[in-house]
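Please look over the sequence and the structure shown here before reading on. The paragraphs that follow walk through a few places in turn.

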Amino acid sequence: MSSPCDPEYAPAGDVGAALMMIDSRLKALYENKTETDPEQQQMLDHFAASMGPTGVDELLDGACTLIYMFMKWLRTACEDHDKDVIEYSVPSLVATMRVMPKTFRPEVIPTMAGLLIAAGTGLSPNLWRAQYGSWREDEMNPLEALVVLLAEHLNRIADDHDFATRLITDALSRASQD
């Protein structure tokens with residue numbers, strides 16, 4: 001039975017732009033730069049502003065597509081080891097969110113966990129979120145941070161700092177060849 005949150009109904013968004021932002025954050029994280037570089041932040045803010053209103057929606061959809069693709073990879077990896085992706089990944093990611101109260105205020109954690117669970121069960125995170133209304137301004141930074149946490153989680157599992165980025169760029173390359 002088909003769901004209105006089935007990924008086939010979801011826009012992919014601007015996956016490339018979302019990946020660029022996430023990869024930039026990961027590189028800073030791996031270089032132990034815990035504070036946002038003001039120049040980099042200004043460049044990202046300028047980039048986001050240049051996108052216009054539809055571009056921001058494309059970026060949001062792209063971030064949700066990354067969540068879906070990362071969770072799909074995790075689901076496959078977990079199934080190969082007879083593990084449940086929700087049980088294996090979501091509690092540790094939620095625990096990490098809880099220790100980051102400046103980024104993840106307590107009221108946004110259930111939404112971020114819901115995005116992970118939706119994707120982990122094969123649903124589109126952006127269509128799942130759309131059931132509850134438009135994105136709110138206070139969800140933007142947590143969404144970006146969630147994608148970074150999830151990508152870093154994959155990188156840690158693969159013991160490769162570029163694994164998550166490469167996973168997506170390889171998928172984009174294959175899609176463009178089709």
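**A walk through the model**

G13 is partly exposed, with a relative accessible area of 25%, where buried means under 20% relative accessible area, exposed over 50%, and partly exposed in between, as found with a 1.4 Å probe on protein chains only. This is a predicted model, in which local features need pLDDT of at least 70 and side-chain atom pairs count only at pLDDT 80 or more, while totals for chains, interfaces and linings use all residues. Residues are numbered from 1 along each chain as its sequence is written, and side-chain values use heavy atoms, with hydrogens and water left out.

G13 lies in the segment before α1; helices (H or I, at least four residues) and strands (E, at least two) are DSSP runs, numbered from the N terminus. Leaving aside its neighbours within four places in sequence, G13 is in contact, meaning heavy atoms within 4.5 Å, with E58, D61 and G62. Between the C-alpha atoms of G13 and A113, which are 100 residues apart along the chain, the separation is 21 Å.

Side chains of opposite charge can pair when their charged atoms come close. A salt bridge is a side-chain nitrogen of Lys or Arg within 4 Å of a carboxyl oxygen of Asp or Glu, and a search of the whole structure finds 10 salt bridges. One of them joins the side chains of D23 and K27, at 3.4 Å from N to O. Because D23 and K27 are four residues apart in helix α1 (residues 15-30), about one helical turn separates them. D23 counts as buried at 17% relative accessibility, whereas K27 is partly exposed, with a relative accessible area of 39%.

The next stop is a pair of helices. Two packed helices are described by the angle between their axes and the distance between the axes. The axes of helix α7 (residues 140-158) and helix α8 (residues 163-177) come within 7 Å and cross at roughly 105 degrees, the axes being lines fitted to C-alpha atoms, for helices over the stretch in contact, with angles that run from 0 to 180 degrees between N-to-C directions. That angle makes α7 roughly perpendicular to α8, since angles under 35 degrees count as roughly parallel, over 145 as roughly antiparallel, 65 to 115 as roughly perpendicular and the rest as oblique. On the α7 side the contact is made by A151, L154, N155 and A158, and on the α8 side by F163, A164 and L167.

How many disulfides does a search of the whole structure find? The search finds zero, a disulfide being a pair of cysteine sulfur atoms within 2.5 Å. For C5, which is in no disulfide, the nearest cysteine sulfur is that of C64, 11 Å away. C5 is buried, with a relative accessible area of 5%, and C78 counts as buried at 4% relative accessibility.
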